[in-house]
Amino acid sequence: MMLPKPGIYYLPWEVSAGQVPDGGTLRTFGRLCLYDVAESRVKLTAQHGSDEHELLVCTKLVEPFQAQEGSLYVVLGELEPQEDGGPVVKARVLTCVEGMNLPLLEQAIQEQRRYQQERSTGPQETAATDDTPDDCS
């Protein structure tokens, strides 16, 4: 059995802008504003500047859970297209993280991206001169 991919962090406005490929594994966050038990769906919202972004999350794999409207949640799952064309995240994990510092989380995501980009560009040439003698006396 092969494990699913760990999930790349995407900011909620990146998800709603279509920057995540369909079927892609992702992590994102938002405030729970609506829980439809009959449809097994929640709606997460996130503020970015003056815009509010919405994200639908399928909760079939994580039910039952205690939905706390207005609380901050982190979701891990796969992005799937809906019949109406909009994306929905099929949640494997949906965790309440109320009290988390959102600006700090956004900064950590940006730092992680910078680090991964530096790693993917290959090893930088460094002056690796060894001034220590071979015999340690």
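**Close-up views of the predicted model**

**View A. Contacts of F65.** F65 touches L32, Y35, V42, T59, Y73 and L94, leaving out residues up to four places away in sequence. The model shown here and in the other views is predicted. With a relative accessible area of 17%, F65 falls under the 20% limit and therefore counts as buried. F65 is placed in the loop between β4 and β5.

**View B. The largest nonpolar core, with V42 and F65 as the members that touch the most others.** This core has 18 residues. Two or more residues each come from β2 (25-36), β3 (41-48), β4 (51-58), β5 (72-81) and β6 (87-96). Another core, of 9 residues, lies apart from it, and W13, F29, V74 and L105 are among its residues. In soluble globular proteins, nonpolar side chains tend to be buried together.

**View C. The aromatic cluster of Y35, F65 and Y73.** Across the whole structure, a search finds 3 aromatic pairs. One of them joins Y35 and F65, whose ring centres are 4.9 Å apart, with 50° between the planes, a tilted arrangement. Y35 belongs to strand β2 and F65 to the loop between β4 and β5, so this pair ties together parts that lie 30 residues apart in sequence. F65 also pairs with Y73, here edge-to-face, at 6.4 Å centre to centre and with 80° between the planes. Both F65 and Y73 are buried. Which residues make up the cluster formed in this way? Y35, F65 and Y73 belong to one aromatic cluster.

**View D. S71, a buried serine in the loop between β4 and β5.** The relative accessible area of S71 is 8%, which is why this residue counts as buried. Setting aside neighbours within four places in sequence, S71 is in contact with G30, R31, L32, C96 and E98. Of these partners, G30, R31 and L32 fall within the residue range of β2 (25-36), and C96 falls within that of β6 (87-96).

**View E. The cis peptide bond from E63 to P64.** Omega for this bond is near -5°. P64 is in the loop between β4 and β5, and S71 is in that loop as well.

**View F. S40 in the loop between β2 and β3.** The phi angle of S40 is positive, about 55°, although S40 is not a glycine. Is S40 buried or exposed? Its relative accessible area is 9%, so S40 counts as buried.

View G. Not counting residues up to four places away in sequence, L56 touches R41, V42, K43, Q82, P87, V88 and V89. V42, one of these partners, belongs to the pair of residues that touch the most other members of the largest nonpolar core. From L56 to T45, which is 11 residues away along the chain, the C-alpha separation is 8.9 Å.

**View H. The start of helix α2.** A side-chain oxygen of N101 reaches to within 3.1 Å of the backbone nitrogen of L104. Helix α2 covers residues 102-120, 19 residues in total.

**View I. Cysteines C33 and C96, both partly exposed.** The relative accessibility of C33 is 33%, so this residue counts as partly exposed. C96, at 31%, is therefore placed in that class too. C96 is one of the residues in contact with S71. How many disulfides does a search of the whole structure find? The search finds 0.

**View J. Overview of the chain, with 2 helices and 6 strands.** Along the sequence, the elements follow the pattern β-α-β-β-β-β-β-α. The chain has 137 residues, and 33% of them count as buried. Of the contacts between residues at least 6 apart in sequence, 52% join residues at least 24 apart.

Technical notes. Residues numbered from 1 in each chain as written. Predicted model: local features only at pLDDT ≥ 70, side-chain atom pairs only at ≥ 80, totals over all residues. Heavy atoms only, no water. Disulfide = S-S within 2.5 Å. Buried < 20%, exposed > 50% of the residue type's maximum accessible area, 1.4 Å probe, protein only. Core = buried A, V, L, I, M, F, W, Y, C linked by side-chain atoms within 4.5 Å. Helix = DSSP H or I, 4+ residues; strand = E, 2+ residues; numbered from the N terminus. Contact = heavy atoms within 4.5 Å. Phe/Tyr/Trp six-rings, centres within 6.5 Å; stacked < 30°, edge-to-face > 60°. Expected span 1.5 Å × (residues − 1). Polar contact = N/O pair within 3.5 Å; in protein donor to acceptor, adjacent residues only side chain to side chain.
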